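Please keep the sequence and the model in view while reading.

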Amino acid sequence: MCRRTVFLLSLCLCAARLSLRAQEFKLFDRQVQIHGFASQGFVHTDDNNWLTMNTSNVGSGEFTDFGANASMQITDKFRVGAQIYDRNLGQLGRWHPSLDWAFADCRFKPWFGLRGGKVKTAIGLYNDTQDLDFLHPFALLPQGVYPTDLRDSTIAHTGGDVYGSIPLGKKLGTLSYTGYAGQRQDSHYGGYPYLLKGPPALINFSSYGGLQYGGDLRWTTPLKGLLAGISRMNEDIDGYGTTTGFGVLQPYHEWSRADWTNQYYGQYTRDKLQIDSEYRRYWRDQVIYSGAFRAQTDVRGWYVAGAYRIAKRLQLGSYYSRYSLYGPPQNIGGIVSGHTYDKVVTGRVDLNRFMNVKVEGHFMDGYGVPIFYPSGFYLVDNPQGLKPDTNALVVKTGFNF
Amino acid sequence: MGIQMKTATKNPNTLLAFAGLTILLSVHALAGNVRIIANPNVKAEAISASEIRSVFLGERNVLRDGTHVEPVLSRGGAAHAVFLKEYLGQNDDALQNYYRSLVFTGKGSMPKVLHSDEEVVAYVAKTRGAIGYVSSAATLDGVKTLAVYQAGTEGARQLLSRVEPVYPELLQSNHIGGTVRLKVTVAASGKVEGVQLLGGNPILGEAAMAAVGKWVFAAGRSRTEIEVSIPFDPDR
């Protein structure tokens with residue numbers, strides 16, 4: 001795996017040098033743009049293994065992703081494009097490439113457009129750009145709101161969007177909206193299947209997904225640099241597979257009775273300063289074990305983040321992220337803490353317009369509820385039990401073209 | 001946005017005294033350092049500041065008159081930083097991130113990026129629908145300059161040429177001053193079609209109307225009416 005990572009990194013560095021000449025060409029007299037990105041990270045923790053990696057010994061470099069896309073403007077209003085994405089994050093992703101997005105987009109008016117196909121889902125400030133490391137000051141987005149191990153559950157839907165941007169006049173700013181509906185289909189290599197594959201559930205999903213619909217409304221206020229927004233997502237999810245949790249192999253089915261996410265967010269940018277804050281509540285009421293039990297999950301997360309570019313190539317940032325899971329029994333030492341509070345400091349160096357290196361420290365209190373719902377820490381990766389605090393060093397480099 | 005102007009009088013020594021004379025005129029004075037240029041096939045003669053923002057943020061590629069446009073960035077050109085700050089309200093890093101977020105979520109394309117005023121002018125001149133920005137000192141061969149107005153506010157027109165009102169000596173020596181309010185009708189071409197006194201000293205009003213009648217504005221989408229207030233301060 002290490003050799004593969006080094007190879008990929010070398011390939012990325014070569015591609016970065018060649019990319020500027022390779023990103024545009026003509027097809028049927030239409031301009032085609034090709035873009036791509038890749039990142040490689042290393043994580044070391046002092047105690048618990050984190051994000052399904054073996055981080056607590058010497059650390060882990062199983063933290064790689066890349067993507068590439070092609071898009072073409074066919075007419076003034078009509079464009080098409082597609083992107084593939086692959087990642088290997090510990091036990092997640094496992095080098096199984098996926099179609100990240102692929103859609104046709106028709107923008108009839110600035111205030112009204114339609115997209116159809118597989119589309120990134122607009123939730124909060126960063127859901128649709130959470131894989132795009134180069135856009136963010138931080139190596140890892142606040143895990144209380146954007147848990148990277150649960151990326152699959154919110155990242156995209158196969159269906160359609162209606163979207164637009166409505167100017168409200170100079171005194172009121174601009175309102176942008178997105179409404180969407182479609183089908184979510186999780187990878188077999190996401191955090192939730194990984195959690196349930198381990199004891200005590202021992203569930204192997206053959207499919208996990210369902211209807212996803214909702215909307216996002218964001219207001220670019222007349223106060224320069226200030227953005228505020230709200231997102232809502234409803235889901236109706238079915239998971240099918242098998243379980244040996246009761247000692248014998250039997251079919252497994254779980255489904256939603258209720259499943260929704262609300263997110264509220266604000267962002268302020270001025271010159272070299274950026275301040276973000278978001279709150280997300282995820283609620284689901286499930287029927288599990290083919291109707292034998294009900295389970296309710298109430299996850300609430302929020303963060304406040306700030307970043308400041310102190311020099312042309314250097315940006316410093318910090319955030320405080322809180323994740324709490326309500327419902328299951330709390331404070332069972334080594335198994336359930338019910339929360340993860342994360343204090344983070346980071347430094348980002350931009351080597352040029354296309355490459356960056358980030359060094360980040362995480363100081364975490366708690367490890368969530370790893371027998372019930374993922375939050376970065378898994379019992380199967382920490383068979384000795386979890387310790388209450390985890391400090392992590394994350395080093396990550398990436399490029400894009 | 002208010003603009004400052006100097007007011008000429010018969011006595012040149014009083015020029016500075018009138019330097020603070022303020023015309024409360026809603027004009028978009030941004031283009032002082034930046035010119036918006038377009039390929040000659042672009043039908044529009046003028047474009048609103050909000051349209052510029054929408055075009056350069058990829059929210060629209062067709063102007064209100066139906067003309068297809070394609071934005072061209074001039075990174076490294078003298079006008080780049082001013083353009084970003086005044087029209088898009090963000091710096092180069094933020095804009096780059098914005099475009100990347102569009103490109104990598106499939107919601108937009110990376111615009112053409114050039115590196116000097118000369119390159120931008122040459123590209124815009126040969127590319128149908130191209131729209132860009134250059135510094136006011138750039139040589140504009142083969143392109144047209146678009147006047148910029150502020151949408152949504154009647155009368156928001158860029159003032160290109162102004163003639164300062166003459167302060168009547170008799171009134172100034174007798175410390176008679178005050179603010180004159182005028183309604184100015186500006187043709188789509190930018191010429192002043194009419195001036196009407198709305199309030200203030202009639203003699204000062206006469207002086208102000210005579211001057212304002214000679215002003216020239218940037219072309220706009222249609223005839224507009226502007227309210228102008230001109231203060232006359234005898235002590236300055």
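## A hairpin, an exposed residue and a chain contact

Strand 10 and strand 11 of chain B form a hairpin with five residues between them, and B:Gly190 in the turn has a positive phi of about 110 degrees. Strands are DSSP runs (E, at least two residues), numbered from the N terminus. The model is predicted: local features need pLDDT of at least 70 and side-chain atom pairs count only at pLDDT 80 or more, while totals for chains, interfaces and linings use all residues. Residues are numbered from 1 along each chain as its sequence is written, and chains are lettered from A in the order in which they are written.

Strand 10 (residues 178-186) and strand 11 (residues 192-199) of chain B run antiparallel and are joined by six bridges; two strands pair if DSSP finds at least two bridges between them. B:Leu182 has B:Leu197 in strand 11 of chain B as its bridge partner.

In chain A, A:Leu27 lies in strand 1 (residues 24-27). A:Leu27 is exposed because it has 9 other C-beta atoms within 10 Å, and exposed means 12 or fewer, with C-beta atoms placed from the backbone. Beyond its neighbours within four places in sequence, A:Leu27 is in contact (C-beta atoms within 7 Å) with A:Val32 and A:Met72. A:Leu27 and A:Met72 are 45 residues apart in sequence and 8.7 Å apart in space, C-alpha to C-alpha.

The table shows how many residues each chain gives to the contact between chain A and chain B.

| Chain | Residues in the contact |
|---|---|
| Chain A | 26 residues |
| Chain B | 21 residues |

Key:
Helices (H or I, at least four residues) and strands (E, at least two) are DSSP runs, numbered from the N terminus. A residue is buried if 20 or more other C-beta atoms lie within 10 Å of its own, exposed if 12 or fewer, and partly exposed in between; C-beta atoms are placed from the backbone. Two residues are in contact if their C-beta atoms, placed from the backbone, lie within 7 Å.
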